[in-house]
Every structure is written in structure tokens, then in C-alpha cells.
Amino acid sequence: MAYDGYQMEAEMGGTMMEKILSSHGAGDCRPGDEVWIGIDNRTARDFAGASVVANVEKNGGAKPIADPSRTFFTFDCNVPANTIPYADNQQTIRNFARKHGLKVFDVDAGIGSHVVIENRLARPGSTTVGTDSHLNIMGAIGAFGQGMGDVDIAFSFVSGRVWFEVPPSVKLVLEGIPGAGAEAKDVALTILGRFNHHELLGKSVEVYGEWVERATLSDFITIASQGTEMGAVTILFPPNRNVLDYFGMTEAEAVYADPDATYEAEYRVSIDGLKPLVAAPPNPNNVHPVSQYSDVRIDGAFIGSCTNGTLDDMRLAAKLLKGRKVAPGVMLKVVPATRSVWRTMMKEGLIDDIFEAGGIISNPGCGGCASGQIGMTGRGEVQVSTSNRNFTGKQGAGDTYLAGVGTAVASAVLGRIAGVGELEGV
Amino acid sequence: MEKRTLVLKGRLWVLSRDGELISDIDTDMIYHNAHLAVTDVSKMGQYAFGNLKGYEEFAKQARPGDMVLAGANFGSGSSRQHAVDCFKALGVQAVIARSFGAIYKRNAINSALPVLEIPALADKAFAHFEQVEIDLGTGTLRGPSGSVQGKPMSGVARDIYMAGGLFEFARGE
């Protein structure tokens, strides 16, 4: 069977998406086909997890979990729970997990999608579903990931599979190399600003270019985590040397598009000499140069989230904060993505650097995007945030500007929106 | 269980603003996150479009059998099932839009709420409260104002809808 499948792929030429789906039971598939696919990792978080449990209990029968070793809960929204409904939901999940022998990455673990990558549960070419709408972050490792509703996820727990409409693939070529001070976040913001009229809606976006060949896993995580805001099904990065090394894999073990794959469209976007950007309220597509907002005073800055909560992000923040002070009256909140990032921060002295600069550091989790893990903004409060959504009400009632780590640090230190180049000595 | 057919007739709610169909109606506008603790589907209807400017009274005025017409990217945002179930609770038969958020479309189909995708939908093609007919099998929307062709519902999505939902489909498989 496997050999026949390979023959078919070789004849037809598949995109990364088509080949990942094919290798998970979809056979030879093309955009628009509705296919059943096997799911390697079936996850639910504390948000919607209790509804998943209810659906499984209602529909799953006596032995409801297809494969307990591939089924996980990840708590990251409200950790530890600071409302009774969340605490109730988490306990409902724990009880269910104990009964069926399922692993719970509990309130100490951090952001579920990052935990799944860190534990190498998701690998290049694999499939993961969960209740997190940013689970397409798996595109960072050249893998399939999708956030879905609780009925779908319950179904994946029970059957090990989901149905999926094969999305059209488009190719995005990033031309050039970003300028000094620009980060992966600024590349993500460039894409958000460029495709602000639903061009990527429902598409699987494969990204290529000179920068993509040398970027880090953290860079890819930052960009892939914003696929949802771009409207895309996923932003897929063909695994480069950095990503393959992280998983101890060879190119032959990962999934790449065939040379004769068919794309619905090809876009070329220049990131050459890119300078720091911000997405101003009220949406992530409202992207402009940082310099345009240099007279906006801020009340706070947030560094973290599934978009910018990796160890690389924390190292950059600490390096820039070392020997500097957050401006009087400004609150800098830092939330590492996972427990393992937190531990390394402690061992490397990063926590000390952030503390001495005047920042506060919380336990790992979704931080600023979740219901108040590290506080929310009040009316009129202005915040620079490294997260992925600045919709009205998402991170509180105030105004949120999305930006990279360097911009967040520089803004916190100067008390106004500023690029990293404005810090003395940088 | 109610009988499901591919041809549905009903009154059309045209969601528009300044003469244009409203796009990017997200899940918070459909069903605000303040009401996420509600688990009883029959209690969700009252919150439908409670946060969509100009349509706050939708839940009070909607009648069973009504259909909803919107612009692009309907249901973007979170994965909450409430944003589908609130329409089921009110007896809304179908949602028609230029395009849907991917997660929303799946949630709707899995709960047997038909969605009809019509990329070519013009802003003023249909009048508010017009009586229309949709054929999910052919992907057609037609009424006194005219007829427009969208994407036919096919394959797995059609099977799940006809079975009455994802788990119902799996049981019958």
C-alpha cells in the first residue's frame, strides 16, 4: 500500500499540505476534496476541554478513547485557575483523564502547542488537532496542526481521525534579508499588512526564500502562530537544517513539496532591509512603521504568548533589558511559553536581568491573551504586546499595539512606542 | 429526528451596513465570550448577534426557518461551538456567506447547520426579509430578486449534514 501511495504522489506532484494529508490516510488528494485523516496528536486545552469531555462521554461508549498514548490535555488559558468555572472545568478534565489514563500537561506546563513541540510529540510531517485556534503553529515545523471545535476534537479522541477539506496551496516567497533590529515578528507583521483583504483566507501557505533557509525554529513559530490572523489554514515552513536538527531528523524523514506541485497562486514579498513595525489597534492588519507612533506614550508592555514566548525571545528581552530600567510608571510583564523555558531563564540568569530592569515574570502560560493570567488593560491604557491579536477587548479594554520583542523592550524603557534602535548603545 | 433535505425555503436576514454585506463577523459578534459558560443549547439562542452592531435584536425577531446572509469570512475568530449552536437554538435553517472562517464552517457542518458558500455574492443581490430557496446540492440561492450560484455541498460535509451531525454520521457508517 505504502509503495502504491508513493507512486501516485510521484506521478501527480503534491504540495506540502497534500503530501502530509496523503501520508495520513487521505490517499491522492487535491484541493476541495474532503478526506479523512489520521491524527497523531489529539489535544484539548482547559478552554473547551470540558465540552470535549462531555461530548466524548455522551458519544464515545464504554471505551471511548481510541489511543490514550496519543491523546492529551494541555492547560494554558487560565493557569492556575483564577475563576471557579475554569477551576471546575480543569478538575472535570483531570478526573476524566485519570479514569482513562490520559496525560494532562497541567497548570504548571505552559502553552500547549509549545509543550507538544518541546516534547517532540509533534514532528515534521505529523498531524495534530486541538481546541486552540492557534494550533496551526505546527506549520513552523512543517507539520499539520489545526484548531477545531469541541465536537471535532471529541471525535478525534474517540476515533483518532477527523475529516478535512483539502485547502488550496499558495506559495509565498520572501525576498531578501530583514535589516538590523527587525525580527521574525516584523516579517509576520509585513505579511499581515500585505494580505489584509482575505487573499490568504482558507489557504495553505508554503513559505520560501533566502531568509527562510537560515531562520530559527523560534522565528518560524512567531510567523506560523499568526496564520490564524492572516486568515490562512496554516503557514507551512519546509523544515530547514535548524528544524531538522531540533528533531534529530534527516531531510528524507521530513515532508517537502514535490518540484512539480501545483499552487493556486504565488506571491513575492520583499523583507529586504525590513525595519521594525507595529500593528496598531484595532486589528493585526493595521501595520505601520514603528517610527509613525513614536509620540504614543505607553502604560505597559507584554512579552510572551505562543507568538513570542520562546527561549530565544526571552534571551533577546533579557539581553536588551540588562543594565537598563523600565520607564517610571510603565509595567513590563514577561510570560515564558513553557516551564522548560522558565527553568533555562533561571539558570542563565535571564530572570535576574528582567527583574533588575523592573519587569515582572509570571509562571508559563498564554499570558496576556488569556483571561487575566498576568492582568488585563483598563480603558485608556496603552500597551505594546508581542502577542498576536489586538482586537478590541482581547487583552483588556485598553489599546494594544502588536510588535516584536525589541520594540516591546525599547518602548518599556523609553515609555513610548520606540524601535530597538532608539535604545542607547544598541 | 427532524427530516433533512437539501432544498430549504425561508425568510432571509440580509446582514448589511451602508449598503454592503457585513464581512468579518467574528465569533464574539455572533456569540460574545461573556456567555461561554452556558452549556444548555436551548439557552444560547438569546445571545445570537447580541454583539453585532445593528442586529442586537436579532434573537428576539428571528423566526424558525429564517436564513442568514453575510459577506466574507463569517465566523472568524475562536473555535467556540456556541456560535453555531445559538442559531440551532433559534431554528435558523442555514447561514449563507461569501466565505467562512475555516473552524466555523466545520463546527456548523458537524452540528448539521448547513452553510452555503457563495464567493460571487453581490452586496445588493437580495432584499432583507425576502423569501428565498437554497439548494445545498447544487449550491444555488434563488428568490424574487434573482439567482446566484455558490459551492455545492458535497462529499463528507453533505453526508454529515444528512446524518444530522458528525457523531450521528459515524454511528451510521
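**Close-up 1. Helix 4 of chain B and its buried residues.** In this predicted model, the buried residues of helix 4 of chain B are B:Ala102, B:Ile103, B:Tyr104, B:Lys105, B:Arg106, B:Asn107, B:Ala108, B:Ile109 and B:Asn110. That makes nine out of nine, so the helix counts as mostly covered.

**Close-up 2. Where chain B meets chain A.** Here 19 residues of chain B and 21 residues of chain A make up the contact. On the chain B side, helix 4 (102-110), helix 5 (155-163) and helix 6 (166-172) are the elements that give two or more residues. Helix 4 of chain B gives the most, with five residues. Sort the chain B side by residue type and you get nine nonpolar, nine polar and one charged.

**Close-up 3. An open five-stranded sheet in chain A.** The strands of chain A line up in the order 4-3-2-5-6, with parallel pairing. Strand 4 (103-105) and strand 6 (144-147) of chain A sit at the edges with a single partner strand each, so each has one side without a neighbour in the sheet. On average, neighbouring strands are turned by 20° against each other, direction ignored.

**Close-up 4. Strands 2 and 5 of chain A, with helix 6 lying across.** Strand 2 (residues 41-45) and strand 5 (residues 127-130) of chain A run parallel and are joined by two bridges. Look for A:Arg42, which stands opposite A:Val129 in strand 5 of chain A. Helix 6 (residues 150-159) of chain A lies across strand 2, strand 3 (71-74) and strand 5, and runs at about 135° to strand 2 of chain A.

**Close-up 5. Two cis peptide bonds in chain A.** Most peptide bonds are trans. A:Val79 and A:Pro80, though, are joined by a cis one, with omega about -20°. A:Pro80 belongs to the loop between strand 3 and helix 4 (84-100) of chain A. Another cis bond links A:Pro281 and A:Pro282, with omega about 10°. A:Pro282 is in the loop between strand 12 (277-279) and strand 13 (287-289) of chain A.

**Close-up 6. Positive phi in two loops of chain B.** Most residues other than glycine have a negative phi. B:Asp24 has a positive one, about 55°, and is found in the loop between strand 3 (20-21) and helix 1 (27-30) of chain B. B:Asp24 is partly exposed, with 17 other C-beta atoms within 10 Å. B:Phe129 also has a positive phi, near 70°, and sits in the loop between strand 6 (115-117) and strand 7 (131-135) of chain B. Buried or exposed? B:Phe129 counts as exposed, because there are 11 C-beta neighbours inside 10 Å.

Conventions
Residues are numbered from 1 along each chain as its sequence is written. Chains are lettered from A and ligands numbered from 1 in the order in which they are written. This is a predicted model: local features need pLDDT of at least 70, side-chain atom pairs count only at pLDDT 80 or more; totals for chains, interfaces and linings use all residues. Two residues are in contact if their C-beta atoms, placed from the backbone, lie within 7 Å. Helices (H or I, at least four residues) and strands (E, at least two) are DSSP runs, numbered from the N terminus. Ala, Val, Leu, Ile, Met, Phe, Trp, Tyr, Cys and Pro count as nonpolar, Asp, Glu, Lys and Arg as charged, and the others, Gly among them, as polar. A residue is buried if 20 or more other C-beta atoms lie within 10 Å of its own, exposed if 12 or fewer, and partly exposed in between; C-beta atoms are placed from the backbone. Two strands pair if DSSP finds at least two bridges between them. Axes are lines fitted to C-alpha atoms, for helices over the stretch in contact, and angles run from 0 to 180 degrees between N-to-C directions.
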